[in-house]
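I opened my notebook today to look at one model, piece by piece. Come along and check each entry against the picture.

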Amino acid sequence: MSASPPRPLSLVANGPLRGRVTVPGDKSISHRAIMFSALAVGESRIEGLLEGEDVLATAQAMRAMGADVARGGDGAWRVHGVGVGGLLQPETALDMGNSGTSTRLLMGLVASHPITATFVGDASLSKRPMRRVTEPLSRMGADFTASPGDRLPLTMRGMCPAIPIEYTLPVASAQVKSAVLLAGLNTPGVTRVIEPTPTRDHSERMLRGFGAELTVEEGAQGRVIAIRGEAELAPQHIVVPGDPSSAAFWMVAASIVPGSDVLIANVLMNPTRTGLLTALRMMGASIDELDRRDVGGETVADLRVRHASLSAIEVPAELAPSMIDEYPILFVAAAFAQGRTVARGAHELRVKDSDRIAAMADALGRCGVVCEEHEDGLAIGGSGGDPVPGGATVATHLDHRIAMSMAVAGLHARAAVTIDDAAPIATSYPGFVAVAESLGAEAR
C-alpha cells in the first residue's frame, strides 16, 4: 500500500450527542462470509458487508485465488465459489493491507491446498508476529519462509493432502482457532482444536451454516471443536449484523458526554462479543437493549445509551476474550470514571495492530490522564465525569482502534485532542467521522 500524508483529526462536542446510529457490518463475520462463500459451489449473497479496507483485502485475495467476488448495484455482494480444494495459485503476492484477520485465516485456507502464496501488508501488519499460526499449520504439513521474527512478507507452500491434527490453543485466539479449522476443511479425516478459554465462535456458527460437519463439545480441557475434512459447502444468503466493536465507540461517547442519548441499531449480541457491554454496565453505564431478535443465526438488538456517571471497577480478566478489541475504548471510559479502574489479563493487546497497552498509556497520559502500565493492561485514574485536560496530539501508530478511541476521548476534553492520522480509521469504519457529525460533534 502506498504511503499518503497524515490526516490529523479532532472531534469536539459542543453539546449532547443525540440521534440514531447504524454501525457497519461486523468485521469478523464479514471476513468469514467472503471466505466461506468463496469455498462454496454456487452463488452466495451477502447483505450488510463491512466495506472497510480490511474486508476488501479479503475479497481481493479470494478473487486472486479464483473466486468471483463482486458488489451489486443494490449494495449486496455476490460470490461465486470455487469449492473446497478448488483454490487457484495466485499470480501475485496477496496484499493484506492492515488486516491480521485476513492474513491468519487465509493462511489456514491455503495450508491444505497445493498452492504457494506470498502475504504482504502495510508497516503495521508487517510488525505483527505470525508464529502462533504458522506453528500449528506447519504440523499439518504447510511450509513457511517468513521475514525475521516470523513476520510479513511471508511465503507459504500448502500441503495436499494435509495432515489432520489435534491442537490445544496456547493462547485464547479466535484467529488461530479459525486458521486450523479452515485448514481442516480440505484435510482428510477429523481436525480438532481444543480451546481452554472460549473465544468468538463465528467460524463455528458459519461453517455449520454452510454445511460443514463440525461439532463443539465440552471436555476436561475446554471446548473441543472438531471438523471433518474434504467438506462440501453450499452457497448461502448472509445478512451481516452490526459490528459491536464499532458500536463500542458510540456506547462510550454517549456515556461520557453529558446529556447524550444515542440509539445504536442492529448490534450483534453474540455472547462471545459482549464483554465491553458487561464491563460498562458494571461501571454504571445506562445501556438498554431494545427489540432483541435473531438475524441469520446471530442475536442482535438495538442499544439505547444515555449519559451516566461511571464508577471505577476492577475489570474481570475472564472478560478479555469477549472484548479484546474494545480495550482501547474501555480505557477511555475509565478515564472519565470516578476512581481508579484496573483492567488486566489482556496480554494480547501487545501484539495487535500496535502495542495497544503502550499506545493508550502514552495517548491518555498526554491528555492529562494518570495511567499505570502493566504487562497485561492498565490502571487508570478517572476524572469523575469532568472533562479531561486534553490539548495534545497523540500517535495512532497506524492503528484504527487507537485513532477512534482517542477521537472519542476528545469529545469531553477541555482542549482539543488531535489524533495524528485519521487514515487508519478506513480499515474498519470508513463512515466514523460522518456519524460523529450526525450526532452533533464537530470534526476539525
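**Entry 1: two strands side by side.** I began with strand β19 (residues 340–343) and strand β21 (residues 377–381), which run antiparallel and are joined by 4 bridges. I noted that helices (H or I, at least four residues) and strands (E, at least two) are DSSP runs, numbered from the N terminus. Two strands pair if DSSP finds at least two bridges between them. I looked up one partner: Thr341 is bridged to Ile380 in β21.

**Ground rules.** I am reading a predicted model, where local features need pLDDT of at least 70 and side-chain atom pairs count only at pLDDT 80 or more, while totals for chains, interfaces and linings use all residues. Residues are numbered from 1 along each chain as its sequence is written, and side-chain values use heavy atoms, with hydrogens and water left out.

**Entry 2: the whole sheet.** I then traced the open sheet of 4 strands, which has the order β18-β19-β21-β20 and mixed pairing. Its edge strands are β18 (314–315) and β20 (370–374), and each pairs on one side only.

**Entry 3: helices on the sheet.** Helix α9 (residues 327–335) lies across β18, β19 and β21, at about 20° to β21. Helix α10 (residues 356–366) packs on the sheet too, touching β20 and β21, and its direction makes about 165° with that of β20. Contact here means heavy atoms within 4.5 Å. The axes are lines fitted to C-alpha atoms, for helices over the stretch in contact, and angles run from 0 to 180 degrees between N-to-C directions.

**Entry 4: a serine in a loop.** Is Ser354 buried or exposed? I found it in the loop between β19 and α10. Ser354 counts as buried because its relative accessibility is 9%; buried means under 20% relative accessible area, exposed over 50%, partly exposed in between (1.4 Å probe, protein chains only). Not counting residues up to four places away in sequence, Ser354 touches Leu349, Ala359, His397, Asp399 and Ile402.

**Entry 5: salt bridges.** A salt bridge is a side-chain nitrogen of Lys or Arg within 4 Å of a carboxyl oxygen of Asp or Glu. By this rule the count is 37.

- I saw Glu135 and Arg139 meet at 2.8 Å, N to O. Both lie in helix α4 (residues 131–139), 4 residues apart, about one turn of the helix. An α-helix has 3.6 residues a turn, so residues three or four places apart point the same way. Glu135 counts as partly exposed at 23%, and so does Arg139 at 45%.
- Lys177 and Glu204 also meet at 2.8 Å, N to O. Lys177 is in helix α5 (residues 174–185) and Glu204 in helix α6 (residues 202–209), so this pair ties together parts that are 27 residues apart in sequence. Lys177 is buried at 0% relative accessibility, and Glu204 is buried at 1%.
- Arg350 and Asp355 meet at 3.0 Å, N to O. Asp355 is partly exposed, at 29%.

**Entry 6: one more helix.** Which residues of α2 are buried? I listed Asp54, Val55, Ala57, Thr58, Ala59, Ala61 and Met62. They pack against α1 (27–39), β4 (68–71), β5 (77–82), β6 (94–95) and α3 (100–111). After α2 comes Gly66, whose phi is positive, near 110°.
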